[in-house]
Amino acid sequence: MTDRYDALIIGGGHNGLTCAFYLARAGLKVRILERRDVVGGAAVTEEFHPGFRNSVASYTVSLLQPKVIADMRLADHGYRVIERPISNLLPQEGGYLKLGGGLERTQAEFRRFSAHDAEVLPAYYDALEGVAEVLRDLALRTPPEVGGGWRALVDAAVQGRKLAGLSMEAQRDVLDLFTKSARSLLDSWFESEAVKAAFGFDAVVGNYASPDTPGSAYVLLHHVFGEVNGKKGAWGHSVGGMGAITQIMAKVCRDLGVEISLEAPVAQVLVDSGKVAGVRLESGEEIAAPRIIANVGPKLLYDRMIAAADLDADFRRRMKGFKAGSGTFRMNVALSELPRFTCLPEPGEHHQSGIIIAPTLDYMDRAFIDAKQFGWSRKPIVEMLIPSTVDDSLAPPGQHVASLFCQQFAPELPDGRDWDMEEDKAADAIIDTVEAHAPGFRASILGRQVLSPKGLERKFGLVGGDIMHGNLTLDQMWSSRPVLGHGAYRGPIKGLYMCGAGTHPGGGVTGAPGHNCAHEVIADSRGMALGFGGMYRRFR
């Protein structure tokens, strides 16, 4: 084997970079092995049409942990996020609904649809925020490892203390959010279908499910516990695209001595006598290390990178049942001009925010049913962002780029059809959907980039196109993400760790799994826990 490192990280996504930073800061010799010719995983900025650049997959900022931003000193290296003036615009039959821009403004907007909904909005926000605040605290804490003895019991008690300390009303909110469908939750609060859609959209983002699916309310919550520039629940645009973030992270890592190898795809994790020994690249090169940290998803790691003989039968069976596939279809389009939406044709703040084509929960439900039956929705759920309205580095003067983040596209097409043969038809259905709300949109398209679920898997290693590395369902969260007994970032083989979105707290550009995994690696390397139990383990 060539060279020897303290740790090898498979995959140079933002969590892998975050993990590498903390390990290197603690004095470990670290090497990142990235399959592609650019670091950043799904958070990259690329030119997709001459003169037009955009974030290719991940496309907006909110969930990146403030602690990670501060520890890596990203702002000192140029990290900058521009907040959306409002969160979202939802075109409606004969009008529109704007969400965000402050409580009073949103209440005034809601009154056009329902006086009741405007009145209860503060209480709804308080209920969500009460639960979200607990989740923010748990995001940077290692879940208790079931079967981990007394320490796991202590960790569970400490972690559960905040939940137990909530009022009875708040505990009911927790139960609702973790078990109910988005529709059931929103029906208990609001009257207007437009208002329900404004909140319900978050429940189907990266979630191949209907808003009627039990547990979909949690996915809604998962998307609201972030912040931008200190403003909780806000979203924004990273200047230079998402790739600007990961390029800064890579520089910070290299400055600490981390070695980053591009075009170095890992074929297999090598195991010797029940312990990891290193990796074998697709080139045949073998690299030795006593710790292997996987930033790839659990399905990719355990199905394709580890020999079946190195995993016990029960673990193999459970990982075979691990659910992945988010129903996501991603497009970028180069535009000659701004879209002119029928409901708001002139340039305005909505062009700097999210534009969501999903006017009701029924529309979202039909999109899911269509996808299950036909492979994709004939009227898909589309979120459009036009980052060039706030970042002129992405497109030529007077022209624009738009991200189209689309939901309810089957990870695997029915009847044996192949996404490679069908993706252009699906892309046309997306364009038709936007065209119906913004006449002239199709004619303004100068070029496009299309990534079906299969395309996302091929380009980024996202099995089933799953942007979350695995479904965010109750059986795949917290201590059971990816599987019970291995929720504390340690794999079933000694020296194997996981730092990607397939671990707690899940998907999104958060840096939390990378942060937490590094903590556990360092604790193990020192042969002792840092602090009293995993729930109190924090970097200083």
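Trainee: Let's start with the aromatics. How many aromatic pairs does the structure hold?

Mentor: There are 16 aromatic pairs in this predicted model. Take Tyr124 and Phe190: the ring centres are 4.9 Å apart and the planes are at 70 degrees, so that pair is edge-to-face.

Trainee: Where in the chain do Tyr124 and Phe190 come from?

Mentor: From distant parts of it. Tyr124 is in helix H4, residues 115–139, while Phe190 is in the loop between helix H7 (182–187) and helix H8 (193–200), and the two are 66 residues apart.

Trainee: Are Tyr124 and Phe190 buried or exposed?

Mentor: Buried, both Tyr124 and Phe190.

Trainee: What about charges over rings? What sits over the ring of Tyr5?

Mentor: That's Lys29, with its charged end 4.9 Å from the centre of the Tyr5 ring. Another case is Arg112, which lies over the face of Tyr96 at 5.1 Å from the ring centre.

Trainee: New topic: holes. How many cavities of 30 Å³ or more turn up?

Mentor: A search of the whole structure gives 3. The largest cavity has a volume of about 110 Å³.

Trainee: What lines the largest cavity?

Mentor: 14 residues do, and those nearest the cavity centre are His237, Gln352, Leu385, Pro387 and Val390. Sorted by class, the lining has 6 nonpolar, 6 polar and 2 charged residues.

Trainee: Which strands supply at least two residues of that lining?

Mentor: Strand S6 (81–83) and strand S11 (236–238) each do.

Trainee: Where do Pro482 and Pro505 sit?

Mentor: Pro482 is in the loop between H16 and S22. Pro505 is in the loop between S22 and helix H17 (512–526).

Trainee: What else is in the loop between H16 and S22?

Mentor: Trp478 lies there. Its phi is near 55 degrees, a positive value in a residue other than glycine. Trp478 counts as partly exposed, at 35% relative accessibility. Arg490 is also in the loop between helix H16 (453–460) and strand S22 (496–498), and at 22% relative accessibility Arg490 counts as partly exposed.

Trainee: How far is Arg490 from Arg35?

Mentor: In space, 23 Å from C-alpha to C-alpha; in sequence, 455 residues.

Trainee: Back to phi. What is the phi of Arg73?

Mentor: Positive, about 55 degrees, although Arg73 is not a glycine. Arg73 is in the loop between H2 and S6, and it is exposed, with a relative accessible area of 53%.

Trainee: Last one, Ser58. Where is Ser58, and why does Ser58 count as buried?

Mentor: Ser58 is in the loop between strand S5 (52–55) and helix H2 (66–71). Ser58 counts as buried because its relative accessibility is 17%, and the cut-off for buried is under 20%.

Trainee: What does Ser58 touch?

Mentor: Leaving out residues up to four places away in sequence, Ser58 touches Ala42, Ala43, Met242 and Val509.

Methods:
Residues numbered from 1 in each chain as written. Predicted model: local features only at pLDDT ≥ 70, side-chain atom pairs only at ≥ 80, totals over all residues. Heavy atoms only, no water. Helix = DSSP H or I, 4+ residues; strand = E, 2+ residues; numbered from the N terminus. Buried < 20%, exposed > 50% of the residue type's maximum accessible area, 1.4 Å probe, protein only. Contact = heavy atoms within 4.5 Å. Phe/Tyr/Trp six-rings, centres within 6.5 Å; stacked < 30°, edge-to-face > 60°. Lys NZ or Arg CZ within 6 Å of the ring centre and 35° of its normal. 1 Å grid on protein atoms, 1.4 Å probe; cavity = no way out; pocket = protein on both sides within 12 Å on 5 of 7 lines; lining within 4 Å. Points joined across faces, edges and corners; volume = space filled by probe spheres on them. Nonpolar A, V, L, I, M, F, W, Y, C, P; charged D, E, K, R; others polar.
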